[in-house]
Amino acid sequence: MSKIKNANRLTGKEVRAIAKQNKKIIRKLEAYKNRKAEETEYLGHMSKPENILEIDNLHTYFFTEQGVVKAVNGVSFDIPKNTTVGVVGESGCGKSVTSMSVMRLVQGPTGQIYSGSIRFNAKLDNGETKVYDIAKMPMDDIHKIRGNQIAMIFQEPMTSLNPVFTIGQQLDEVTFINHPEATKEDAKAKSLEMLDLVGIAMPERVYDAYPHELSGGMRQRVMISMALASDPRLIIADEPTTALDVTIQAQILDLLRDLKTRIDGSIMLITHDLGIIAEMADYVVVMYAGRVIEKGPVSEIFHNPLHPYTIGLQKSKPTLSSDSDTLFNIPGNVPNPVNMPNHCYFKERCGKCIGKCSGEYPRMIEVTPNHFVACHLYGKED
Ligand SMILES: Nc1ncnc2c1ncn2[C@@H]1O[C@H](COP(=O)(O)OP(=O)(O)OP(=O)(O)O)[C@@H](O)[C@H]1O
Ligand code: SF4
Ligand SMILES: [Mg+2]
């Protein structure tokens with residue numbers, strides 16, 4: 001018994017060795033983040049001109065005292081222009097860390113983008129376009145994309161709204177950041193226009209209110225109006241309706257859909273609710289344990305899911321005709337994030353294993369145009 005216990009516990013010597021190694025890597029990555037760099041150092045090219053964002057082999061790690069948590073472990077997917085891309089997967093699979101990496105909001109020094117590219121097709125005020133590799137941008141230059149080119153809407157708006165300032169003060173601030181030449185009157189007019197746009201009936205009253213005076217649904221509308229105030233090309237919405245009741249949820253989703261058309265932009269929509277994906281997304285990315293295991297057009301993923309995990313995820317979706325007692329649950333657990341196996345991460349939970357599954361991690365293959373899966377069941381016989 002005690003032997004098993006000890007096998008899971010690190011010795012003091014091991015902990016010290018991990019800490020030393022972490023310190024060395026973190027120091028290097030922090031210096032890279034905080035360097036001064038010419039813009040040419042992080043300019044790039046999109047692989048496909050129709051994309052607004054290309055995440056390419058992204059690795060984002062947390063250097064903890066237990067070891068390295070590979071929260072995002074080689075994630076690649078694209079967001080085409082004027083498209084909603086849904087990112088799904090169970091809790092802890094790396095959805096939020098992927099989006100925080102795009103916004104460069106990963107909590108350092110423990111959390112760090114370790115490698116990979118995040119290419120973003122930015123459109124400047126003068127109409128010029130530039131491709132920035134966000135992963136390589138120094139922190140000093142992040143203002144070029146964060147909050148103006150890319151805006152983020154979080155699950156719980158209270159975490160992003162400042163409780164000591166009125167909604168109006170916070171909304172005006174967005175205008176001042178993006179248009180420093182704006183007068184107080186210009187900013188207020190823009191703020192009221194944005195509040196009106198997101199369906200707030202009495203914009204003047206909400207403008208003067210503090211966040212705690214509003215309901216959850218109203219706060220989420222305010223957050224969306226803030227995201228909108230900067231005319232972003234991409235909105236990242238991380239579980240934007242999870243904290244809201246069903247009626248308000250539907251209203252907020254309608255609003256998001258409407259906004260996409262209005263800003264002529266794209267949405268990266270993170271959720272664990274497949275119903276929301278079916279309703280909102282054009283393209284789906286399924287994540288499991290820090291990796292993308294299947295991706296494709298929404299109709300393909302719903303009508304022809306290939307990966308056993310995606311199939312399980314669909315069976316676990318509650319329907320009106322099923323009650324929660326009969327809800328299908330994918331048995332088993334995700335492997336320990338600091339010690340991932342070399343084979344397919346889903347193997348221990350998979351009912352369809354074949355001999356090859358004990359071998360190397362399956363590579364991503366394109367099964368039908370634009371429908372990709374990482375599973376040995378679909379690899380070529382060789
Ligand atoms: N600050 C941190 N320190 C260590 N590990 C972290 C930290 N933040 C996230 N992680 C780990 O990174 C992994 C991915 O987390 P992430 O928050 O992206 O999951 P998620 O898919 O968004 O889940 P959820 O659906 O619950 O929001 C998890 O294993 C999590 O434990
Ligand atoms: S690779 Fe093998 S273990 Fe992994 S999901 Fe496919 S069949 Fe299952
Ligand atoms: Mg999350």
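Strands are here DSSP runs of E with at least two residues, numbered from the N terminus. In this predicted model, phenylalanine 120 belongs to strand β4, which covers residues 111-123. Phenylalanine 120 has 27 other C-beta atoms within 10 Å and is therefore buried, given that 20 or more such atoms are required for that class.

When neighbours within four places in sequence are left aside, the contacts of phenylalanine 120 are Leu53, Val131, Tyr132, Ile134, Ile145, Gln149 and Ile150. Histidine 45 lies 75 residues away along the chain, and its C-alpha atom is separated from that of phenylalanine 120 by 8.9 Å.

## The chain as a whole

The secondary structure of the protein chain consists of 11 helices and 12 strands. With a radius of gyration of 22 Å, close to the 21 Å that the globule rule gives for 382 residues, the protein chain is as compact as a globular protein of that length.

Taken along the principal axes, the box filled by the C-alpha atoms is roughly 70 × 55 × 45 Å. Of the 382 residues, 37% count as buried, and among contacts with a separation of 6 or more, 63% are between residues 24 or more positions apart.

## The hairpin of β11 and β12

Strand β11 (residues 365-368) and strand β12 (residues 371-373) run antiparallel and are joined by three bridges. Isoleucine 365 has valine 373 in β12 as its bridge partner, while asparagine 370 takes a positive phi near 75 degrees in this hairpin, where two residues lie between the strands.

Terms used. Residues are numbered from 1 along each chain as its sequence is written. Chains are lettered from A and ligands numbered from 1 in the order in which they are written. This is a predicted model: local features need pLDDT of at least 70, side-chain atom pairs count only at pLDDT 80 or more; totals for chains, interfaces and linings use all residues. Two strands pair if DSSP finds at least two bridges between them. Helices (H or I, at least four residues) and strands (E, at least two) are DSSP runs, numbered from the N terminus. The radius of gyration is taken over C-alpha atoms; the globule rule is 2.2 Å times the number of residues to the power 0.38. A residue is buried if 20 or more other C-beta atoms lie within 10 Å of its own, exposed if 12 or fewer, and partly exposed in between; C-beta atoms are placed from the backbone. Two residues are in contact if their C-beta atoms, placed from the backbone, lie within 7 Å.
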